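Please keep the sequence and the structure in view while reading.

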Amino acid sequence: MNAADSSLLSRYGGNLPRYTSYPTAAQFSDAVGPDDSRAWLSSLPADQPVSLYLHVPFCDTLCRFCGCNTAVLRNADARAAYAALLHEELRRIITLIGPGRRVTHLQWGGGTPTTLPASAMRRVMQAIRRDFDIAPDAEISIEVDPRHLPPDYPALLHELGFNRASMGVQDLDSDVQDACGRIQSWEQTSDCLTALRDAGVNSINIDLIYGLPRQDTAGVARTARAVASLHPDRLAVFGYAHVPWKQKRQNLMPVGDLPGPQARIAQRAAIDATLRNEGFLPVGLDHYVSPHDSMARAMVSGTLHRNFQGYTTDTAPALIGVGASAISSLPGGMTQNAVSSAAYARLMGNSPDSLPVVRGVKLDADDHVCAAIIEQVMCDLRVDLAEVCAQYHLPASHFDPELAHLAPMVADGLVRIIGRQIQVTEKGRQFVRHVAAAFDRYLTADSATRHASAL
């Protein structure tokens, strides 16, 4: 963004959802509970594939910037006990959806899943392979921490069928790392990636963050060039979300050193230019991929999707979350398990068949329509409202208010509207959440304050 465009910051600042779902988690409430989850899971058609997400809320050390539900747990027996709960929750889910269900995507996230003892990870993965039908081309991925990956884990991951690993780098500058409480050398990052690929886990994702304390445009560009030299298959480039009211650890961040909106925009532009110059293709709001990656093919074919883990090639209509704080996205609605591992364990112990769901949201017909539009905007940067209206049997004028709401963005060159077709321009890519927000019927000035910075 150049100086002539700086006035856009004042018009499009504030906070907005990241739109990894619609409705967003801000609409979750305890009006939805275990009974709803059981009903929605039981109603999944027998021939319908699912994807699985398993959450491990433990790390070896805590990063000050992190907004995830995670804590330090040193005791290996306690970590193994948590893995046993994951296995048990999966058993309860299978009683509702039936054994042998086809799985197209399987992801372990956290936290740091590799904090689980190797024997515990093996038991859970062997149970999944026994009780589900893992598709031959399924993406099986896991998050790792290059600072704390046990030496025997890369070989174990290959043995268990993992074909993708995601690692956080964030920023390689030592001053920025000191501010964030995450000290990670270049050697640790490079050695971890090499160990994974040498073991046969060939596809690698790397996460970067801009908007951190003490970052500048030159520094983030250096980091982007360095990680590009490792030839990752995907990169996620997130803007730091400072939400200390959600995560108290962020109060330890040196707030006075946080870059302002103009600096954040400049940092994002520097990373964008660097990665494009290195041959990576931009995907949606914040991803970059190798031209040979499956996500690049999904982008071309129009089969890219977005869920609580971000952009994905997963086409399964149901995502089942397992573990503390895990979120499930089902045709009937979305549910979230108890957030803390202690509360999760307590609910799992209530009865032999209970589900640890504590909140969620039911989906009505309007939610499904708006969700489809928002996902298409976030993934493809375009949507044809005439096609949407025809698909959902709506009058042609149904979205006239939303089109009117987008008029200022058209005037600013961020969006083109031809007939009923909306196209986000390249200039407007970083404002795609604002376009999505035009179709968010829950978003208000008051509720927006619950979300992260829009830019």
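In this predicted model, Glu139, Arg164, Arg234 and Asp293 are joined in a network of salt bridges.

**Salt bridges**
- Arginine 234 is buried, with a relative accessible area of 4%, and aspartate 293 is buried as well, at 5%.
- Arginine 441 and glutamate 402 meet through their side chains in a salt bridge of 3.0 Å, N to O, and because arginine 441 lies in the loop between helix 16 (432–437) and helix 17 (445–448) while glutamate 402 lies in helix 14 (residues 400–405), the pair ties together parts that are 39 residues apart in sequence.
- In that pair arginine 441 is partly exposed, at 37% relative accessible area, whereas glutamate 402 is buried, at 7%.
- Aspartate 145 and arginine 147 also form a salt bridge, at 2.7 Å from N to O, with aspartate 145 buried at 5% and arginine 147 buried at 14%.

**Nonpolar cores**
- The largest nonpolar core holds 75 residues, of which Leu54, Trp108, Met121, Ile128, Leu196 and Ile206 touch the most other members.
- Helix 3 (residues 76–97) supplies the largest share of this core, with 9 residues.
- A second, separate core of 40 residues has Leu8, Ala298, Ala436 and Ala438 among its members.

Definitions and conventions: Residues numbered from 1 in each chain as written. Predicted model: local features only at pLDDT ≥ 70, side-chain atom pairs only at ≥ 80, totals over all residues. Heavy atoms only, no water. Core = buried A, V, L, I, M, F, W, Y, C linked by side-chain atoms within 4.5 Å. Buried < 20%, exposed > 50% of the residue type's maximum accessible area, 1.4 Å probe, protein only. Helix = DSSP H or I, 4+ residues; strand = E, 2+ residues; numbered from the N terminus. Salt bridge = Lys/Arg side-chain N within 4 Å of Asp/Glu carboxyl O.
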